[in-house]
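Open the structure in your viewer and keep the selection tool at hand. This tour says what to select at each stop.

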Amino acid sequence: MKHVKKIKIVFRGSVVCNFTKLEERRLGSVSMKKAILTILLLGSLITTYAGHIAGGELHYKYLGPGNAANSSRYQITLRLFRECNPANNAGGSQPAQLPGSVLILIYPNSNAAVAPIASVNVPRVTGQGFDPLQIEITQGANPCLVGNVQSCYFIGNYSFTQELPNTSTGYVAMYQTCCRSNSIINVQTVDLGNNSNGEGASYTCQIPGTNSLPTGNNSSPVFQLKDTTIVCQNTPFMLDFGAVDPDNDSLSYSFCNALNRGGTVHSTDPNYIYPAGTVQYSGGYSGNLPLGSNVIINPTTGIISGIAPASGYYVVTVCINEWRNGSLISSHRKDFALRVSDCSLVGASLKPSYITCDGFTMSFENESTSSGINSYLWNFGDSKAPIPISTNPTPTHTYSDTGTYTLKLTVTSTSGCVDSATAPVSVYPGFVPDFNVQGTCYLNNFNFTDAT
C-alpha cells in the first residue's frame, strides 16, 4: 500500500488548499499553481481593501512664471498619514502600506462636472514605514497618561511640478482613494465590492484664478504637524490644527464636511469623480460637529478643544478660508481620522469660579476624575487662616474674612506627573435678598420694595 502524504497550505490562519501528495503527482503542477494563485489573490484583496489612510492634505507652492506665456509653475504635494502599529489600527486589522505612487488629477475650478486638464502619476518621494526615508511622528510614554496608549503615524509625501495657464477660475488638484482607517464611528460605511465595506477620501487643494486674485500669486497654507497627539475619551483635550501661510495671508478656521472616495475601490483606482461628494455622517455627528457638541474650533487659531467623545476613530476635517486685503482668495482643507483612546490624563481641574453669600465655609473637589492621582495639595489663598492648606482630596475650609481669594490645586500622579490649576473664590456672607410688600385689597395696587 502506498503511503499517501497530505499537503495543506495555510494562509494567515486559514486553510486555502488541502490535497494529497499522490494527487499532486497526478495533476502535475496544476494544483500547486492554483494554491499559489489563491494565496496571491487573497493577499491582493487584503492589501487592496485594508483600511489604512488616517488622513491627508494636498497643498501647493508657487514657483514662478511658466515657460509658456501667461502661465505659472507650482509644486504640488500630497501628504498622507497612516498608523505605524497594526495593533493600533481601528478594528485591529493589518494596515496596508502607503502607496508607492498616487494619481493626482487637476481640474478647472468648477461646481459642475468637468474633465481634468492634467493627470499625473506621482511617486512617493519620502516616507514609509520600514523605509530608510521614513517620516515618523511618535508620542510615547507620558507620565501624565493613565493607560498603555501610544500615538504613532508614518507620513508619505508625493510631490511634483506642474505648469498651468493663468485662468479666471483657477484649478482644483485632487487625489481620491477608497480606504480610510476601519471602524470609524462618525461616518457611515459604503459597499466597496468583494464583500468589503468602508469609506474613502478625497484630498483637494484650490489654486485661485484672476477672478479671486486679480494681481499677484499665491501659495497655499500648510497645516502644522501638531494634531497626532493622544486624546483620551470623556476628557478635556486640545489639538492644534493651525497652519502656516507663506504669503502671510489672514486665515480663518472652521469644521467642514469630509469628502468621500468618488468611484475608487482601491488606493490606485483612477475612477475619480469631480466634484467630490461628501461622506454621510452617522450617530448624530456632522461635518460641523465631527466630535459632538462638546468640542469647538477657534476660528482664529485653529485650536480644537473641548470634552472628547467615547473611544474610537472620528473623521475630523478643518477648512481654512484664506483672505488677502479683506477679500477671500481661496479655501484649503485637511482631513484626519482622530483616534480617541480609552485612557485618562492626570490633571488638576477646577470650576471657573466659586462664590458664597451664605457663610464663610466652602467645600472643594478636583473636577478631573483621573484614577492616577495619589496626592493633593490645596492652597486656599487665605493668609490669615491658621492652616491655609490641605492634603485632603475633598477639603472644607472656613475663610477668615470677606473678600476674593485665589484657590490653587496641585496634584501628583504615581508616575511623578504634576499638574495645577487656579480659580477665584468670592466670599461675601450677609448678602441676603429680601423685599417688603404694601397693599392688602383685591384689585388694588401692591407695591414691592427691594429690602436686600
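**Before you start**

This is a predicted model, in which local features need pLDDT of at least 70 and side-chain atom pairs count only at pLDDT 80 or more, while totals for chains, interfaces and linings use all residues. Residues are numbered from 1 along each chain as its sequence is written, and side-chain values use heavy atoms, with hydrogens and water left out.

**Stop 1: strand β4**

Select residues 71-83, which form strand β4. Strands are DSSP runs of E with at least two residues, numbered from the N terminus. How many residues of β4 are buried? The count is 11 of the 13, so β4 is largely enclosed by the rest of the structure. Buried means under 20% relative accessible area, exposed means over 50%, and partly exposed lies in between (1.4 Å probe, protein chains only).

Two strands pair if DSSP finds at least two bridges between them. Look for G55, which stands opposite F81 in β4. The β3-β4 hairpin has 5 residues between its strands, and N70 there takes a positive phi near 55°.

Next, show strand β9, residues 151-165. β9 also pairs with β4 in the antiparallel sense, over 13 bridges. Here S72 stands opposite L164 in β9.

**Stop 2: salt bridges**

A salt bridge puts a side-chain nitrogen of Lys or Arg within 4 Å of a carboxyl oxygen of Asp or Glu. By this rule there are 4.

Select D335 and R180, whose side chains meet in a salt bridge (2.8 Å, N to O). D335 is in strand β22 and R180 in the loop between β10 and β11, 155 residues apart. Both D335 and R180 are buried.

Move on to R324 and D247, another salt bridge (3.5 Å, N to O). R324 lies in strand β21 and D247 in the loop between β17 and β18, so the pair ties together parts 77 residues apart in sequence. D247 is partly exposed, at 28% relative accessibility.

Shared partners join D247, D249 and R324 into one network. D249 and R324 are both buried.

**Stop 3: a surface patch**

Finish with F435 in strand β31, residues 435-438. Is F435 buried or exposed? At 52% relative accessibility, F435 counts as exposed.

Key:
Helices (H or I, at least four residues) and strands (E, at least two) are DSSP runs, numbered from the N terminus.
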